[in-house]
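Welcome, and please have your viewer open beside this page.

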Amino acid sequence: MAATEIARQAGEGARGVPLSGHVGFDSMPDQLVNKSVNHGFCFNILCVGETGLGKSTLMDTLFNTKFEGEPTQHNQPGVQLKSKTYELQESNVRLKLTVVNTVGFGDQINKEDSYKSIVEFIDAQFEAYLQEELKIKRTLHSYHDTRIHACLYFIAPTGHSLKSLDLVTMKKLDSKVNIIPIIAKSDAISKSELAKFKIKITSELVSNGVQIYQFPTDDETVAEINSTMNGHLPFAVVGSTEEVKIGNKMVRARQYPWGTVQVENENHCDFVKLREMLIRVNMEDLREQTHTRHYELYRRCKLEEMGFKDTDPDSKPFSLQETYEAKRNEFMGELQKKEEEMRQMFVQRVKEKEAELKEAEKELHEKFDRLKKLHQDEKKKLEDKKKALDDELNGFKQKKTAAELLQAQTLQAGILTSTWFLTLATFPSRDTRRSRCRRTCVNVCTCVCISLNAQVILQGTLNLDNE
């Protein structure tokens, strides 16, 4: 703060002293001119107006060239800003010209938000320049300045009054850019209607508080012409790139069945006035106004939002370091507060999550117990079924064994019977046959009894199984 105060006092205490001879710093203007010519200039124009009002044609006419571009359609969903940069050279002076066109402006049914895209674009150029200024390592000497220096607002030649869209848009833009209103295609209405239309537009702008760009009158060399031209606003212009032979020379004009409108004839339109004021007289003032007025307003508001101020509550000067420290302390306090809130929120959420997990764990245990009991019941049922199947299988095996035994004994009895008859036939003696017959009968009877006993046992087994 002390250094700032010393510098201020040094500036106030400067006094003039005479020179005893030529020093040479009177060549500073020449040095600035040479440096500026070598570096080149930049100029950015924003053309705002409805589609079909001749914005591109007027740009071609102003700079006496043909800029590349295609006609836009009327079916745009919203307003789009298209920017194109051109390198122009006249004599040894180079100009980097940027022309920004508002594509689709006024073509929508709902035009309420048509101006927002334009405002956002202008603010974006200011923000880009501010960010370049705030860098530690700046390159402003080679930075391409894209801030809008002049806004040519094209008004439709209705001859009645301004549209609501025009008033709202110019009101939103007047604090951000130098607005120069122009009546496009002014050859569509008569001179008397045009004069009344100009008066009507001026009164509507004043009554609605719209601030348009006024040509400066503080410089004596241009004060008179600028003061006169301020009375001609808004300019009524006609653009054309076609050359028509009038008399013995070729001039740019528009031909109609009823006659010819010469673009550079001041009796026909204000194109020459616009070119003089915009390019030949006040181009540098437009650049300066953009930087010192509109950009400074944006910069001040932006820095105030960031917490930077020129004075403290006691109206004492504030240094950048002090502002930074105050802002840093404020930020750290807010950061700690947010950290504490986040920590408490984290603890609360952890507790809630733990409660949810415990509840889920309890439910899982209960579900596991239910499934375990169900599994045991199913296992017991299966074991009972297995035991019953084993018993049934053992009974089946017993039945099978008895049946096989019966079949074998029956077969043996049949064999013995056959043997008996064969034996009787073999012995001729009656006594011998009789003796053999007895023994054979005994054996047969024995086999039959055994077979009958086996059948009785098998039948009893079947009856028991049935019971």
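Start by selecting helix H3 (residues 55-62) together with H8: their axes come within 11 Å and cross at roughly 70°. Axes here are lines fitted to C-alpha atoms, for helices over the stretch in contact, and angles run from 0 to 180 degrees between N-to-C directions. H3 and H8 are therefore roughly perpendicular to each other (under 35 degrees counts as roughly parallel, over 145 as roughly antiparallel, 65 to 115 as roughly perpendicular and the rest as oblique). The crossing of H3 and H8 is right-handed; a crossing is left-handed if the near helix is turned anticlockwise from the far one by less than a right angle, and right-handed if clockwise.

Now show side chains. From H3, pick Leu58, Thr61 and Leu62; from H8, pick Phe271, Leu274, Arg275, Leu278 and Ile279, and you have the contact (heavy atoms within 4.5 Å). The residues in this contact of H3 with H8 divide into 6 nonpolar, 1 polar and 1 charged. Here Ala, Val, Leu, Ile, Met, Phe, Trp, Tyr, Cys and Pro count as nonpolar, Asp, Glu, Lys and Arg as charged, and the others, Gly among them, as polar.

A word on what you are viewing: this is a predicted model, in which local features need pLDDT of at least 70 and side-chain atom pairs count only at pLDDT 80 or more, while totals for chains, interfaces and linings use all residues. Residues are numbered from 1 along each chain as its sequence is written, and side-chain values use heavy atoms, with hydrogens and water left out. Helices (H or I, at least four residues) and strands (E, at least two) are DSSP runs, numbered from the N terminus.

On the H7 side, look for Val222, Ile225, Asn226 and Met229; Lys273, Met277 and Val281 of H8 meet them. By class, the contact of H7 with H8 has 5 nonpolar, 1 polar and 1 charged residues.

Where does the chain hold a cis peptide bond? Go to the bond from Leu233 to Pro234, with omega near -5°. Pro234 sits in the loop between H7 and strand S6 (235-236). Then select Asn64, in the loop between H3 and strand S2 (80-90); its phi is positive, near 50°. Most residues other than glycine have a negative phi, and most peptide bonds are trans.

Next, bring up H4 and helix H9 (residues 283-305), whose axes come within 10 Å and cross at roughly 80°. That makes H4 roughly perpendicular to H9. By class, their contact has 5 nonpolar, 3 polar and 5 charged residues.

For the last stop, select Tyr129 in helix H4 (residues 116-134) and Tyr143 in the loop between H4 and strand S4 (150-155). Their ring centres are 5.7 Å apart and their planes at 65°, so the pair is edge-to-face. Rings of Phe, Tyr and Trp (its six-membered ring) pair if their centres lie within 6.5 Å; planes under 30 degrees apart count as stacked, over 60 as edge-to-face and the rest as tilted.
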